[in-house]
Amino acid sequence: MKETMAQLGPKPNVYLTNGDKSYLRNGDRSYLRNGDNKRGNATTAKRNNNKCMGLMVGILVTMSCTVILKNQLLENLEFTRKNAAQQHEHSTQGEANIRLLTAIDDDHSNAKKKKKVKVFFLAGQSNMLGQGELAPFVTMMNMSCHKEFRETLWDEDTQDFKIHDRVYIKFRDNQGQLTLGHNTRYADRDKFGPEVMFGWTLGDAFGNKNNETGDDDVVYLIKVAYGGRDLAIDFRPPSARIRIGGNDIKQQFDGFTNEETEENISVKQQLIQDQQQQQIMHGYRFRTMIQEFHEGLDALPDVIPGATEYEIAGFVWFQGETDLSSEEKSKEYATNLKHLIRDVRREFGVSMPCVIGEVGYHGLHPNGDDRRRRVLEFRAEVKGVTHLKEFQNNTLYVPTAQYALLDRNVERYNKGFHYYGRPDTYYYIGKALGEGMVQLLTVGLEKGRMNSTA
């Protein structure tokens with residue numbers, strides 16, 4: 001897998017679980033691109049030593065050095081000494097981290113075992129949040145036409161939902177092994193989203209235990225979702241051009257209501273007039289999303305006990321309903337999406353595979369001429385992003401419209417833009433997103449490697 005990931009980015013992103021991850025947030029990430037940072041530090045030390053030796057030879061040959069030159073020599077020597085000491089401290093600290101995890105395993109007689117984690121980021125708005133109703137899903141599982149649901153997710157021995165022992169998830173304050181039920185709380189209330197079957201599919205594909213060494217390969221989902229948020233403003237990535245002014249500016253911060261009270265109207269007017277405040281508003285949910293991804297990585301040792309290392313293996317984006325409702329926002333969506341993918345990859349220093357879920361709640365044949373035109377154009381433009389050269393074989397568009405059940409005779413549990421809350425729809429969407437990611441991590445990247453050597 002590491003060899004495969006190298007085809008996406010210049011260097012696989014494997015990190016120690018309890019190591020220093022400050023470089024993910026700021027500072028120079030060049031060593032993620034150039035390989036082993038020890039080699040770079042050694043080169044720096046050698047360069048400093050050569051500089052000092054050059055000054056020393058000059059002193060011996062000319063015998064006319066000044067006090068300033070002597071002081072410079074001493075400063076260079078001191079710099080080299082400190083730099084070498086820092087290199088040694090950094091190196092031994094990394095080794096200590098590894099030994100610390102090994103020492104913990106020794107206490108449990110698992111000294112040679114490793115638990116490697118593939119991390120997947122999931123993000124979007126309300127449909128990623130999850131609107132699949134749990135109660136009717138239980139009923140569906142007993143129908144012969146939905147035999148797959150029961151076989152996949154139901155434990156006949158315990159008469160309860162299965163727990164996938166190779167998949168872990170963190171969503172807000174809820175974390176643990178992936179399952180489905182009233183107490184999982186990985187979506188609002190008694191609902192679930194695409195994370196269930198996405199995780200199940202990835203866990204079945206990549207989660208395994210090596211019986212010879214006892215090593216574990218597990219999957220970790222970090223899910224971030226905010227209902228009703230758009231890409232044009234809320235999730236707007238840093239590299240996208242910020243628009244200043246205009247009536248489409250809206251408040252982003254938690255606690256703000258949409259009620260047209262005099263106080264709120266006054267606040268809105270002030271925000272429109274305050275250019276600096278508008279700049280802060282743009283991308284607010286992008287920043288909180290990135291923050292929650294980092295918090296999920298920080299929590300990994302607590303969520304997955306015994307984890308020894310991890311790699312950021314993929315990013316799932318399932319969003320766009322709010323942007324599609326606006327002609328102006330829908331026209332710039334594809335451009336903003338390109339910036340989003342680039343900025344997420346840049347933040348974590350790796351060109352992780354990216355799966356884009358289609359905004360498909362209108363179904364395969366949207367009603368109304370204007371709606372049909374906008375929806376189909378929107379889908380085509382978003383799909384076109386994945387065909388650009390920089391995104392080929394590492395980004396995939398996954399259709400979801402075929403899972404939208406629009407027949408008036410079918411039971412409905414929610415609004416249309418939530419796929420009517422159909423649990424079977426969210427089951428199949430999650431499965432499709434998972435299969436798309438598996439494709440990228442296997443066939444897609446293999447094609448990328450072949451194209452790069454052609």
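Which residues line the largest cavity? Here they are: Q319, Y333, I356, G357, E358, V359, F378, R379, V382 and Y397. Keep in mind that this is a predicted model. Besides that cavity, this briefing takes in a helix pair and the salt bridges.

**Cavities**
- Rolling a probe the size of a water molecule over the atoms shows where empty space is left.
- The count here comes to two cavities of 30 Å³ or more.
- The largest cavity holds about 50 Å³ of space.
- Two elements, β12 (354–357) and α16 (369–385), each give two or more residues to the lining of the largest cavity.
- Helix α16 gives the most to that lining, with three residues.
- Sorted by class, the lining of the largest cavity has six nonpolar, two polar and two charged residues.

**The α11 and α15 pair**
- Helix α11 spans residues 284–298 and helix α15 spans residues 333–348; their axes come within 12 Å and cross at roughly 35 degrees.
- As for handedness, the crossing of α11 and α15 is right-handed.
- On the α11 side, the contact uses F286, M289, I290, F293, H294 and L297.
- On the α15 side, their partners are L340, D343, V344, E347 and F348.
- Split by class, the residues of the α11 and α15 contact are eight nonpolar, one polar and two charged.

**Salt bridges**
- Side chains of opposite charge can pair when their charged atoms come close.
- For this model, the count is 17 salt bridges.
- One of them joins the side chains of K191 and E133, at 3.8 Å from N to O.
- That pair links distant parts of the chain: K191 sits in strand β8 (residues 191–192) and E133 in strand β3 (residues 132–133), 58 residues apart.

Technical notes:
Residues are numbered from 1 along each chain as its sequence is written. This is a predicted model: local features need pLDDT of at least 70, side-chain atom pairs count only at pLDDT 80 or more; totals for chains, interfaces and linings use all residues. Side-chain values use heavy atoms; hydrogens and water are left out. Axes are lines fitted to C-alpha atoms, for helices over the stretch in contact, and angles run from 0 to 180 degrees between N-to-C directions. Helices (H or I, at least four residues) and strands (E, at least two) are DSSP runs, numbered from the N terminus. A crossing is left-handed if the near helix is turned anticlockwise from the far one by less than a right angle, and right-handed if clockwise. Contact means heavy atoms within 4.5 Å. Ala, Val, Leu, Ile, Met, Phe, Trp, Tyr, Cys and Pro count as nonpolar, Asp, Glu, Lys and Arg as charged, and the others, Gly among them, as polar. On a 1 Å grid over the protein atoms alone, a cavity is a set of points where a 1.4 Å probe fits but cannot get out, and a pocket is an open set with protein on both sides within 12 Å along at least five of seven lines; lining residues have an atom within 4 Å of a point. Grid points are joined across faces, edges and corners, and a volume is the space filled by probe spheres set on the points. A salt bridge is a side-chain nitrogen of Lys or Arg within 4 Å of a carboxyl oxygen of Asp or Glu.
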